[in-house]
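Dear colleague,

Please find below the structure I promised to pass on to you. My notes on what I found in it follow directly after.

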Amino acid sequence: MSPTSTRPPQGAPQAVQDRETEPVLSHGLKQRHLSMIALGGVIGAGLFVGSGVGIAAAGPAIVLLFVGAGALVMLIMRMLGEMSAARPSTGSFSVHAEEEIGSWAGATSGWMYWLMLCAGVAAEATAAGTIMHTWVSFVPAYGWVALFMVFFCASNLTAVKNFGEFEFWFAAVKVTAIVAFLVLGVLGILGVFGSAPGASHLTGHGGFFPTGAAGLAAGLLTTLSGFAGLETVTIAAAESDHPSRNVARAVRTAVWRIAVFYIGSMAVVVTLVPWNNPRVATDGPYVTVLDRLGIPAAGTIMQVVVLVALLSAMNANIYGSSRMAYSLVNRGQGPRFLGRVSRGVPAAAVVASCLFGFAAVIAGIVWPTTVFAWLLNIAGCSVLVVWSIVCLTQLRMRRRLEREAPELLSVRMWGFPYLTWLAFAAILGVFAVMAAGADGRQQLAGTALVVAALAGAGHVKQRRDRRAAAGAL
């Protein structure tokens with residue numbers, strides 16, 4: 001456990017209280033690192049390329065989906081900011097869930113998040129390898145994948161400040177690309193690069209809701225999944241020089257900017273090009289818009305940006321998954337060997353996360369439509385499971401802090417408890433929408449099996465810890 005973690009509230013389970021150990025993880029991250037991790041953590045290939053699938057499904061109404069998703073994410077991040085500023089921890093929301101709800105909640109949210117990040121590593125490595133193969137064709141795509149995996153595994157085994165520097169510059173490239181795109185897009189809408197499109201693409205081609213409710217439902221999970229990964233900043237905060245202060249600043253400044261980037265980008269895309277242009281889904285919305293504006297070498301420029309985004313996401317996901325695994329095993333929620341630390345870095349957890357990610361890459365080659373598809377489907381739902389547990393945890397932790405340590409509430413959730421309950425209800429609504437479709441039900445069924453297994457294992461540990469605590473009295 002990170003030395004920045006504070007003692008749990010009085011009355012927390014003994015097993016949680018006993019997890020305080022000697023300081024082992026280093027504190028090499030600075031405020032600038034956290035700010036860029038927060039900004040760049042969710043600006044990945046899902047925005048630059050994957051959002052085209054959402055546009056093809058929902059049409060111009062994708063803007064409304066991103067408004068709704070952005071609002072939900074802002075609430076979730078505010079909750080995480082409140083809890084992490086009060087009690088910084090390497091395990092972030094997983095630790096808080098264990099303290100406030102029980103071992104089953106900590107294990108479920110932690111390992112589901114680990115699974116999501118490791119699956120993301122596999123998907124990102126595969127996509128990055130494909131891009132590199134198009135440029136250097138004599139090296140097979142899987143060769144590039146292996147090279148990227150080894151490089152980022154090695155970099156994450158060094159001091160945490162190296163991870164912070166990589167992410168700082170990766171995020172700087174992505175943020176610069178987004179800002180430049182928004183500026184060019186606004187100029188294009190104003191007619192600087194030719195005739196102004198007006199509202200023709202928003203109201204034509206079937207109207208603002210061309211695919212109706214079915215299209216909105218189809219684009220919903222894609223939209224929400226695009227924001228997954230923002231939680232990593234609350235994990236990274238525990239390894240910064242001033243955890244409580246840094247995470248509070250990062251959350252306050254980053255969330256609204258990310259919402260602007262996503263919503264603004266989607267508004268520019270659907271205003272400048274027809275939503276049903278097949279290139280939006282195949283080449284990506286950014287390339288399609290830049291070509292429409294006549295920007296030279298638009299495809300090559302965006303391929304470079306997408307490659308940077310993929311490598312950045314790989315780096316961040318290896319970091320986040322390793323820290324989550326380290327926190328879990330230090331609380332008795334996994335094999336103890338994963339808790340081994342070398343030079344302030346959880347080396348065993350880093351290697352294990354990389355190996356799982358590489359195994360998922362192999363599964364994508366050998367069983368692309370079965371094992372790999374199943375893994376990605378569960379990963380897509382994992383963020384919703386995590387967010388729902390975050391809501392329930394924050395409800396209990398806020399009331400406990402108000403009673404016992406109100407001075408720790410340097411960040412407060414807006415409109416508590418009403419907006420917390422609203423966010424929780426919205427997540428349940430997403431589950432209901434998914435259950436209405438055959439593909440969604442399949443995703444939910446697979447996710448439910450994993451959740452049941454993790455919650456069951458956590459519940460067994462919780463009962464064992466209670467018996468041990470009662471026997472010690």
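Leaving aside its neighbours within four places in sequence, which residues is Arg252 in contact with? With contact taken as heavy atoms within 4.5 Å, the partners of Arg252 are Arg78, Ser410 and Val411.

Before going further, a word on conventions: this is a predicted model, in which local features need pLDDT of at least 70 and side-chain atom pairs count only at pLDDT 80 or more, while totals for chains, interfaces and linings use all residues. Residues are numbered from 1 along each chain as its sequence is written, and side-chain values use heavy atoms, with hydrogens and water left out.

Arg252 itself is found in helix α12, which covers residues 243–272; helices here are DSSP runs of H or I with at least four residues, strands are runs of E with at least two, and both are numbered from the N terminus. Because its relative accessibility is 41%, Arg252 counts as partly exposed (buried is under 20% relative accessible area, exposed over 50%, and partly exposed in between, with a 1.4 Å probe and protein chains only). The C-alpha atoms of Arg252 and Gly446 are separated by 35 Å, the two residues being 194 apart along the chain.

As for the protein chain as a whole, its secondary structure comes to 19 helices and zero strands. Its radius of gyration is 22 Å, close to the 23 Å that the globule rule gives for 473 residues, so the chain is as compact as a globular protein of that length (the radius is taken over C-alpha atoms, and the rule is 2.2 Å times the number of residues to the power 0.38). Buried residues make up 57% of the 473 residues, and of the contacts with a separation of 6 or more, 80% are between residues 24 or more positions apart.

One of the helices, α8 (residues 160–189), has 30 residues and reaches 43 Å from its first C-alpha to its last, close to the 44 Å expected at 1.5 Å a residue, where the expected span is 1.5 Å times one less than the number of residues. Just after α8, Gly191 takes a positive phi of about 90°.

Finally, there is a nonpolar patch on the surface, formed by Tyr142, Phe358, Ile362, Ile365, Val366, Trp367 and Val371. Helix α16 (residues 347–366) gives the most to this patch, with four residues. Ile365 is found in helix α16 and, because its relative accessibility is 54%, counts as exposed.

With best regards

Technical notes: Patch = residues over 30% accessible without salt bridge, like charges linked within 9 Å, V, L, I, M, F, W, Y side chains within 5 Å. Areas by Shrake-Rupley, 256 points an atom, 1.4 Å probe, with all protein chains shown as cover. Salt bridge = Lys/Arg side-chain N within 4 Å of Asp/Glu carboxyl O.
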